[in-house]
Amino acid sequence: MPTKPEAPAKPDAPGQPLVQVRGLHVDFALRANAVARLIGGAASMVHAVDGVDLELAPGEVLGLVGESGSGKSTLGRALLGLVRPSSGSVTYRGRELVGLSESKLRPLRRKLQMVFQDPHASLNPSMTIGRAIGDALRIHHMHPGREAREQAVRDALERVGLAPAARFVDKFPGELSGGQKQRAVIARAIVLGPELLVADEPISMLDMSVRAKILGLLDELRRDLGLTYVYITHDLASARFFCDRIAIMYLGKIVETGPTEEIFSAPRHPYTKALLDAVPDPDPSRSIPRELPRGEVPDAADPPAGCPFHPRCPRSFAPCGWQPRDLRMIFEQRWTGVDAEQYAAEAKLTADGAIFDAADDTTIGTDTTATVRPATGGPGELLTLLQAERDAHPDEGLWHGITDMSVHEGAVRIEFVPRATPALLPVLDSAVQVSCHLYHDPDTTPAPR
Amino acid sequence: MTEIRSRSDVVLDVQDMRVWYSSPGDPVRAVDGVTFALRPGEVLGLVGESGCGKSTLGRGLMGLVPRGAAIDGTIHFDGQDLLALPRKERERLRGGGMGLIFQEPMTRLDPLMRVSEHFREELKAHEPKLSKQEARNRGLDALRSLGIPPTRYGNYPHEFSGGMRQRIMIALALALRPKFIVADEPTTALDVLVEAQILNILKGIRELYAPAILLITHNLGIVAEACDRVAVMYAGRIVEQGTVRDVFADPKHPYTQELLRSTISLATRELHSIPGAPPDLVSPPSGCRFHPRCPHAMQICVDALPPTVRDGSQQAECWLLASGLDENARRPLQRQEVSVADEA
Amino acid sequence: MPEMEGGEKAAALPDTRHHSRVPGLDAIRATSGFQRGMLVAGSLIMLFFVVLAVFAKQIAPYGFNDDRTKSGKIFGRLVGPSGQHWMGTAQGGEDVMSQVVYGARTALEVILLAVALSIVIGVPVGLISGYFGGWLDRILVLITDALFAFPSLLLAIIVSVAVAGGSSSVTGGIFSAAVSITVVYVPQYFRVVRNATVAAREEPYVEAARTLGASPFAIMKRYVFGNVVQTVPVIATINAGDAILTLAGLGFLGYGIDPSSGAEWGHQLSKALSDISDGIWWTAVYPGIAIALVVVGVTLVGESLNDVLNPLLRTTKLRQVVLPARRREEPAA
């Protein structure tokens, strides 16, 4: 592993991070279907967080940005000990959280709080706002005595702008508007005096005219209470405004991280670029980019080899991790543009592309070879089809990842460039780290796994 | 009464449409006097905060109103007044001549039916003369134009991702070659990249099918990127409309101005928000409905409904744009302090 | 006039407040039309039997086991209805009407006790099982499934034999009958509460409570319980009708309440069975009517409560909107 530019701070040094995450993995077992369970099939695992390193300095706002399925929410919950990591470490002020029992974590929760996406669902419908906030105090035996507790609740409500507090303490969540409910949720979090606030899409379910108000409130609380935030969002615009540092996540991994301004002014990872290009901007002189990543986030239970973004990446090239199943994607794309007759013939030959998924894929040393058998017809036909598609789109990254295609024992043998998984590494002359073969030559960086 | 407007350059012409729906108390004036038109192939963005009547308007155009609701005004579609048509006729047009795309595609697709069956059912209902093969080709063409490979034609809805399902919904709407589509927040539930893909596709299909689209959204960014014209709705009325370029460059109505200022975009350096919340549409404010939240409210704004003032492509409903108001009418309104207690 | 209005208001105010404390009145307000009719009819029937049960001593002309007046005058066996005995006398020479009235008391006591026991056992166990899940949950679900599969009357008989164990005091008899019925119905409370808890456990507000640092016990008590328990009144009322039939079935077969310690409709029926062929109808018909009426009453209340509390079944009144003619507010400009 290459060393980081700065040596890690000693535990009690003044620059000690508030939260430190090392090699964090969170896996979820997918519930197997009934048949699979009966025959004893193993449930597949989803690597929701797949090896993440993070540091949070006190008072800083870190944005975790990604699409759904990127693992950003799971990572945020793992920081609070709400989900159990499979491996790795999360320390809060030097104290290890991974492996702590629920009862040992509970007192720490006072310092590690969360604001949720859906303010309505995160408030108990049968508790008044006053009781909901008071209950947080009661759990931690703070401000003992009814009088003191009620005063603390009123202070918290007024702190988040729900003033006069008397108007709100006896209201049920159902009687408040979305913005008011989110303010109440924030009040419930800050009344405990937390140091870290994980805000999971806190404004995405609110009406747009309220978003600015809630974001403004969070910003104000950071200044006044010295809070440290992890701001989880898919909305780059609010992240740019609110965050000091950004980590872009894709399929459980951080693909790019650095100071907000640098990420936005000079995005490096093609995924970051794509996300930025895709943000709808209320400036009619701009238009949607022509070149968008194709497809959608793949199934996290079966992520692509190499760089997880490679099948969608507009700048992919030889070492990105091409594998036989990418051929299916290429052909499905091809078939949206051909006529019914041609499609029928090609679909028959390739069993609707299923032969690519079923290809025999072996790696011996540095040789990565796949054997694809045509569903009907001979291998020569299949090779011709593959070559035709390659000639039609020679710039397609996949074809750079294939060194040779030949007929071999009734099948087509395809030789791939060795697959390398990019690592998150610093970029020269910048504070940004990026995991992409475009910036780090796969030959000189050892690929994990 | 129902003079047929034979302007051939207009697909949909809506005049003074109202949709009031019933509530335990007085009726909710969700749409209260709305006038606009759509040309063939034109995309009109309808924006506004939640609870301003956007969705009710979209559904009302389709003749879909909640039980107990009343609708009036005129909706000329393709030369016929929809509201004067018998119910059966109107229902035939819905889906056939007019399409509807919703926010949540999964709730509109039958989980037990393959995609192919959805197309077959739909085409059978609206174009019974189509042969099986023709129907299949029509379905495949529609899917193809939305970038869904024909290999997926026999799949069930749950085998698709959210973005793919939305594409299927759009394909289903397009297979009937409608002249007009209402798309109600079609990309709100989707990720940014998928949203951009679908907006691109919507642009693409305009060249192929050229339907007029009413795109209902709360996202001004989407309007800027995907629409030709924009209509800004507030409290049941369209307060401003015009070409996207003109309205975004020089918004005339204070609500449009505030809405644009309060949107968080990549260029946002300072947060701004509109005080207060949209009014209760059971008893909306007198005069201009925006006056309690308007930074430029005057005495006249409380007293009378503002005039519609045209300027180039733009038209806005605001007293600030009216000329010849006397001193008294122009007297600035004492704004009450709006506390967060009243916010949305 | 204004004075009177004021006076009326002042008088009405505490009255309404008092009424809203009565459970069910709010429910009646929330209903309309047919639903309201069902609820009102059911409630009236129930009220009638509650009054019978509570004031049995005052209403019943004689004791349920008496076969003679206080002065020692014997009623006579199987005397038809008359001014003396409105519902006639039974085989043992007891007054049928007194037995029916006291039977209402027995039924009410047993059902209230059984419902209370079912709630006290079913709700907490369901909460714990649903919240923690795991092996405990699986075992409990398995046990309740087994209880469900067992014929309910047979189960009640077994439990009644096991519990009664020779005790024949009034309270003992009622207690053993209530326990037998509880065993039959507790799985239903358990299942409903458990399923609601499993659903509530996934609610964001439960995760939020966990984030606050609440212990599982606190979460169950303050966050889950209140949202889960709303289903209980409905099951309680719907089950109560069934439970009355089970109680009567027990009595009919000679289990449940000891005849000497309390009047019981089912027992009355079983005694009356042999007389029917002789044309003696009154010993069977009156307790029969009582059973049927109570079951109908409870079921009406239960079903309509279900309609009220279950928003999916609630019918709301919607008035057709009539658009007013347009006022042409012609702008001045």
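Residues are numbered from 1 along each chain as its sequence is written, while chains are lettered from A and ligands numbered from 1 in the order in which they are written. Because the model is predicted, local features need pLDDT of at least 70 and side-chain atom pairs count only at pLDDT 80 or more, whereas totals for chains, interfaces and linings use all residues.

Over residues 1–6 of chain B the pLDDT is below 50. Where pLDDT is low, the predicted coordinates should not be read in detail.

The contact (C-beta atoms, placed from the backbone, within 7 Å) involves 48 residues of chain A and 47 residues of chain B. Helices and strands are DSSP runs, numbered from the N terminus (H or I, at least four residues, for helices; E, at least two, for strands). Among the helices of chain A that each supply at least two residues to the side touching chain B are H6 (178–190) and H7 (208–225). H7(A) gives the most, with 8 residues.

In chain B, 4 strands form an open antiparallel sheet in the order E2-E1-E4-E5, where pairing requires at least two DSSP bridges between two strands. E2 (28–38) and E5 (80–81) of chain B are the edge strands. Strand E1 (residues 12–21) of chain B pairs with E2(B) over 8 bridges in the antiparallel sense. Trp20(B) lies opposite Arg29(B) in E2(B).

Technical notes:
Contact = placed C-beta atoms within 7 Å. pLDDT = per-residue confidence, 0-100.
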